[in-house]
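Hi everyone, thanks for coming.

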Amino acid sequence: MDATKLILCRARDSKEDVFNPLIATTTQMGCILFLSHVFYLFLKPLGQPGPIAQILAGIVLSPSLLSRVTEVRQFFIQTSSAGYYSVFSFFFRTIFMFLIGLEVDKAFLKRNLHKARTIALGATIICTILGAAFAWLMVFLLGVDHNVFMFVLVFMIIVSSSASPLLARVVIDMKLDTSNVGRLAICASLIIEMSCVLVFTILDYIFSKKSFSIFFLHCFLTLLLAIVNRYLVPWVNSWNAKEKYLTNPQVVCFSLPILILSISTENNGISSILPCFLIGFAFPRQGKAARTFLRKLTYPVYEFILPIFYGYIGFQFNVVAIRHIQELTVIIAMVAISLGGKIIGILAACYYLKIPRNEAFFLACILNFKGNASFLLIDVNKGSSTWWGSQVRELLLAAMVINTLLSGFIASYLLRTEEKYFAHSLTALEFHSTESELRMLACVYSSHHASGAIGLISALSGSTEAPITPQLAHLVELRKNRRNKLMYHQLEDGEEFSDEETYGGDDVLEINDLVDAFTKQSKVLIRQSKVVSPLISLHEDMCSSAENSRVSIIFLPFHKHQRIDGRLENSNEGIRTTNQKVLRHAPCSVGILVDRSQSGFQTPHGSESVQQVVTLFFGGPDDREALALSKWITMHPQINLTLVRFLPTSTNKQNPISNTSSQNHEILMSISTNETESERDNSFLEDFCNRYVVSGEVGYLEKHVSDGAQTVATIKDMVNMYSLFVVGKGRRDSLITTGMSDWEECPELGTIGDILASSELQINASVLVIQKHMHLDRSLLDN
C-alpha cells in the first residue's frame, strides 16, 4: 500500500520534492502532446513539420516561459525527476532507433549508397574542420578549464551530427518520404549519426583508458543477436500459420534481448543508439514478425514517443542562460559553424554528384537537425553530472535547439518556394528508363486478385538492373453496420465488433501468405498497406495513396473472375464502378488486369516453364505506354515477349522507315508521315526494335488487316499461343477497328481489351489493358 501511495500520490516524506515526480513527469508529457497539437494546427498551413511544433511546445513549458512561474517550476522541475526522465529517454531511444532501422529502405540505400556516403562525408569533413578551427574560441568564451580535449572532440561531433529520427519524421510530414531527395536525406543522416556515435565511443574508450574487451564484447553480442533473429524469425513466422500477427508473448521474446543488450551497453558507457539501429536494420522484413513490429510501433512512436522526446528537448531550453553578449556569441557561432559547414560540404558533394543546387540547399538544411546523439553528448538530462557545469550544458543545448528550429524554418521555406520542383513530376513509362526506379501500386480486393497482382509484379521484376518498388494495397469496402448498440452476447455466431484489424476477414491472412511466399522465392520486397473506405469514395483514397507514393502506374483487378469452367463471371459491380472512377481521376497511368490464372498467366518466379507474352500495338498513346511497360517484362528470363503490330492493308504499298535484321529475318516498319501521332508511334517503335528486337530479346510480327472483322479473326488465331496479352486501351477511332465497338460490353477496357476479355472469344490467356495518364497526353500534344 505504501508503494502504491508513493507512485500514485504525493511523496509527503520528501523534503525536496513538493509533488510526486512520476505524476509531474506524466503530466508534463500530456501537456507537451496537447500543446504540440495546438501549435501544429497553426504551423501546418505554413508548411512547418510536426517536430518543430513539438520543440516549441517544450519551450513554452520550459524555464524560458511557463516554468518561470514559481508554482509551475516547482511542479515540473524537481530533484528526483531526473531519474524518471533518464529512464523514459532510454526506453524511447531503444524503441524508435529499432523502428528506424526496421523502416530503412534497403533497396534504395544499396542503389544510392555512393551518393548518401558522399553527401555524409562532405558534410562531416567540412563541419569537423570548422569545428576544430573555432573550438579554441568556444573554450575561451565558455571558460572550459578541464577536459579541454574532450570538449573539443564533443564540439566537433555536435556540429557535424545529424538527427535521423527527427529528420525521418520531418520528411514524412513534408510528404517527401517516397521521393528520391527525401530518402537520400534519411540515408545520409543515418550514416552521419551512426558514424558520430561510433567515433565518439571509440575515442572515449581510448582517452579514458577503458578496456576495449567490453566494447568488442557488445559488438559481438549485437552481431550475434542480429544473426539469431535472421534464422529465428522465419521459423516463428511459419510456427502458427493461421495467425495474422505474432502473439504478445512472442513479441516480448523478441524485444527482451534487445532491451537487455541496450541496458548492458548503456551501463558500460556505450550508447545503445547504434546496436538498436543495427538490430532493426538486420531484422528480416518478410513475414508476420516484421508486420507485427511495424503495426505495434509505428503509431505510438510517431504520435507519442517522438513528440514527447523532442518536446522534452525543447523543455530543456533556458533563455535565462543567455545573460550576456558572450553567451549570445557562443550560440550564434555554433549555429553558423554547423549550418555553414553543412551548406558548404553538401554543396560540394552535390556538385560532384551532379545533384541540382536547390536540392543541395534543402539537404543541407534538413541534415542540420540536431537531436538524439547530439543531446546525449551534451547531457540533456537535468540534474545529472556534467563535464563542464550546467551553464556550459545549457548554452550548448540552447544552440542545438535554435539550430534545429532555424534549419526547420529554412527547409520549409525552400520547400514552399520550390513546391513545383519538389512535387511529384509525372513521367510516362514511354519516357521512363529501365535503369531508373519503377514504382507501382497493385490494388486487390481478395486473395484471388492478389495472386494475379503478384504474378504481374513478378513479371516486371525479372532483372536486378531494372529496380522496381512494388506496393500492394488491400482494398476493403467499409460497409454500414447492420446492427447498432449490440452487446457481445447479442452477436450472432461469426460476427465481430467493427475493428480495423477485422476488416478483410481471412483474405488478409491469405494475401500475407502469398506475399511472403513470393518474397521468399524472388527476394523482392512488396510493401503492403490496407485501404478501408466506403465504396463511393474508395477511388479517392486509392488515387491519394498513389500520389503520395509517387507511383508511375496503378494496377487494378477486373470486376469479373474466372470460374472453374474457364468463363468469366461478374464478382462485384462496385469494383467496376471504382475502376471507372480511378481511370478518370488517377494521377498516373492505370492498368486493368483480366486475370485467368487457372488457364493463363502464372507467376514467373519459381516456374520451370517459359511463358509466352504478346503485346498488341495498334497505335496511339495507350499502346505506346503498353509497349513501354513491356520493356520490364522483356527482362524476365522466364518470359518470351512478342510484339505484334497491326497495320491497315493499304500500308503494304508504302515504303518502310527502316530495315533491321536479326537472326536472318527482316523487320519492316511502315510509316505514315501525315499524322503527328503516327510519327510518334513509328519513332517509339523504331527505338524499341533497335534495342530489343534486333538483339533477339523480343520477337516481332506485322499483321495487315482491312477492317475490324479481320482484326478479330487475326486475334482469334493467336488466343492459344500466349498466356498474357498486353494492349493499350485506345481512345481514338481506327480503320482496322471499325465495327468492333458495336458489341462493346466493358468500355473501360477499350475496344481490343473488351474483345480479349469477352467469353465469346474462348481465350484462356490473361489480359492487361493499359491507359496512359490523360494529363501526360495533353501536355505532349501541346508540345
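Helices (H or I, at least four residues) and strands (E, at least two) are DSSP runs, numbered from the N terminus.

Now, where this comes from. This is a predicted model, where local features need pLDDT of at least 70, side-chain atom pairs count only at pLDDT 80 or more, and totals for chains, interfaces and linings use all residues. Residues are numbered from 1 along each chain as its sequence is written, and side-chain values use heavy atoms, with hydrogens and water left out.

Okay, let's start with H22 (residues 538-549) and H23 (residues 573-585). Their axes are 9 Å apart and the packing angle is about 45°; axes here are lines fitted to C-alpha atoms, for helices over the stretch in contact, and angles run from 0 to 180 degrees between N-to-C directions. That makes H22 and H23 oblique to each other. For the cut-offs, under 35 degrees is roughly parallel, over 145 roughly antiparallel, 65 to 115 roughly perpendicular, and the rest oblique. The H22 and H23 crossing is right-handed. From H22, Leu538, His539, Met542 and Cys543 meet Thr578, Lys581, Val582 and His585 of H23, where contact means heavy atoms within 4.5 Å.

Next pair: which way do H12 and H13 run relative to each other? H12 (residues 248-267) and H13 (residues 273-282) pack at about 155°, axes 9 Å apart, so they are roughly antiparallel. This crossing of H12 and H13 is right-handed. Ile258, Leu261, Ser262 and Thr265 in H12 touch Pro275, Cys276 and Ile279 in H13.

Then there's H15 (residues 325-353) with H18 (residues 390-417): the axes come within 9 Å and cross at roughly 45°, so H15 and H18 are oblique. The crossing of H15 and H18 is right-handed. Among the H15 residues in the contact are Ile331 and Met334, and H18 brings residues including Leu395 and Ile402.

Last stop, away from the helices. Thr642 sits in strand E9 (residues 639-648). Is Thr642 buried or exposed? Buried, because its relative accessible area is 13%, and buried means under 20%, exposed over 50%, partly exposed in between (1.4 Å probe, protein chains only). Leaving aside neighbours within four places in sequence, Thr642 contacts Val613, Val614, Thr615, Val698, Gly699, Leu701 and Tyr722.

Methods: Left-handed = near helix turned anticlockwise from the far one by under 90°.
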